Amino acid sequence: MAPPETLRIAVIGSGPAGIYTAEALTRQESQPVTVDVLDRLPAPYGLVRYGVAPDHTKIKGVAGTLRRSLEHPNVRFLGGVEFGRDLALDDLRRAYHAVVFSTGASVDRRLGVPGEDLAGSVAATDFVNWYCAHPDMDASRFLLDSEEVAVVGAGNVALDVVRILAKSVDELRHTDIPEPMLEVLRASKVRRVHLVARRGPLQARFTAPELRDIGRLENADVVVDPAQVDIDPNSEAVATAARAARTNLKYLREWADRPRAERPRSVEFTFWRRPVRLLGADRVSGLEIEPTELDDEGRLRPAGAPEVLDVGMVFRSIGYMGVGLPDVPFDTASRTVPNDEGRVVTPEGTPLRGVYVAGWIKRGATGVIGTNKSDAAATVRSLLSDLPDLDTGPRVPVEDILDQRGARTVSYSDWQDIDTAERALGESLERGERVKLHAWEEMYGAIGS
Ligand code: NAP
């Protein structure tokens with residue numbers, strides 16, 4: 001079929017992967033396009049708004065770049081539209097020539113140990129959503145009422161959680177955390193934060209700048225057991241470790257040598273321990289951990305008798321997973337949508353014509369925000385090279401379908417009202433550039449006001 005005058009594309013999800021997809025589509029010059037970027041939430045930017053920690057203002061600054069792409073004349077933001085509730089795959093096919101899913105990875109991996117569902121056992125995804133003011137997360141969801149807590153996992157999200165738990169409210173005041181969450185953090189009883197990693201310092205997934213920030217905490221001592229960083233500098237393990245891992249080791253060694261400054265809180269690194277069970281009758285009262293080591297093939301094996309950390313909360317930060325989408329194939333093992341360079345394929349490997357993926361739902365929850373740019377560009381290359389095979393017949397306006405469904409669509413200018421209200425709140429509270437609105441009704445209430 002001949003290519004249409006203008007190709008109509010829907011991108012589902014307005015996080016970095018979705019907006020980079022829109023950008024790649026509008027940058028190419030071979031085919032005129034219009035792109036609708038749909039999101040379930042009334043605000044764009046996905047993980048940049050609801051995943052990046054509030055004190056990481058530099059990383060959050062990427063929203064400025066994403067905004068420019070979203071404001072391109074051929075791109076339209078349609079918030080408040082949920083795939084599967086307001087629109088089905090068949091509806092998208094009626095309205096668009098192709099659809100790109102960039103819905104990310106929004107749920108937590110499970111530890112798979114007894115006690116995981118006790119009160120006080122917290123998925124990092126929920127805690128992150130809470131301090132990032134995700135409207136699904138009630139402000140009163142968490143009470144930080146334990147002096148001693150554990151964060152399980154050795155990735156960057158674990159470090160984000162540790163920082164938010166360890167910082168004083170003075171350190172967080174100038175972020176966009178809403179007042180009710182800031183009040184919970186102000187009332188926090190947390191004094192000791194254990195970071196529990198099932199492998200060693202050289203195997204941790206922290207990136208070096210994120211680990212370095214832990215050493216700069218004003219309100220917390222960093223405690224590292226010198227024995228755990230006593231790795232022979234000439235050993236093969238050190239020589240072959242990635243540069244980031246060697247830098248991580250350097251920081252950890254500095255902290256192992258640092259005398260305690262008796263700050264109000266402490267962050268204590270515990271490597272080579274894996275959770276065996278969460279203890280407690282109706283809420284967490286301890287975390288049983290087992291010493292570990294690597295066997296000759298690099299597999300983890302037990303290396304001693306279990307120990308107990310007397311913690312009242314456990315934050316499980318062991319990675320994010322994708323969620324299946326109605327009528328779209330899903331691989332339950334990798335928790336991603338099976339695809340061939342972004343083209344969604346059935347379990348038998350047959351491409352689903354006109355359906356694509358980009359970002360974490362395509363490749364899993366790995367990489368930094370910028371990784372999504374090349375990832376999205378690769379998907380767009382696949383889409384454009386498939387043009388001769390796409391059904392490029394006439395389409396119906398998506399507004400007609402959304403009207404029939406009674407969807408309350410949030411336009412870009414509606415979002416700008418929310419944005420303005422958040423900036424005004426930041427100014428009136430003398431807190432900083434913005435303070436986020438955190439409840440559905442607050443966000444919708446700001447529209448048109
Ligand atoms: P991650 O980097 O995949 O780290 C997950 C951690 O959980 C690993 O240390 C892993 O250990 C551990 N783990 C997995 N299963 C476990 C189990 N059953 N018991 C104990 N530990 C277990 O995941 P993430 O921290 O959620 O981060 C996701 C992505 O977002 C990453 O690419 C990250 O770099 C990125 N991110 C970046 C920033 C930033 O740049 N500032 C901030 C946040 C997130 P093993 O290695 O032994 O499997």
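Tutor: In the side chain of Arg-199, an N or O atom is 2.8 Å from an oxygen atom of the ligand. The model is predicted, and local features need pLDDT of at least 70, side-chain atom pairs count only at pLDDT 80 or more, while totals for chains, interfaces and linings use all residues. Residues are numbered from 1 along each chain as its sequence is written, and side-chain values use heavy atoms, with hydrogens and water left out.

Val-157 uses a polar backbone atom instead, 3.1 Å from an oxygen of the ligand. In total 23 residues surround the ligand, counted when one of their heavy atoms lies within 4 Å of it. The closest are Ala-154, Asn-156, Arg-198, Arg-199 and Gly-367.

Now the division of the chain. The domain assignment, automatic or from a database, gives domain 1 as 7-106 + 322-410 and domain 2 as 108-320. Their centres, taken over C-alpha atoms, are 33 Å apart. Domain 1 puts 16 residues into the contact and domain 2 puts in 21, contact meaning heavy atoms within 4.5 Å.

The two domains bury about 1,400 Å² between them, with 56% of it on carbon and sulfur atoms; this is the accessible area (1.4 Å probe) lost on being put together, summed over both parts. Tyr-50, Pro-54 and Asp-55 supply 40% of what domain 1 buries against domain 2, more than any other three residues.

Four salt bridges are counted between the domains, each a side-chain nitrogen of Lys or Arg within 4 Å of a carboxyl oxygen of Asp or Glu. Separately listed is a salt bridge between the side chains of Arg-40 and Asp-136, at 2.4 Å from N to O.

Key. Polar contact = N/O pair within 3.5 Å; in protein donor to acceptor, adjacent residues only side chain to side chain.
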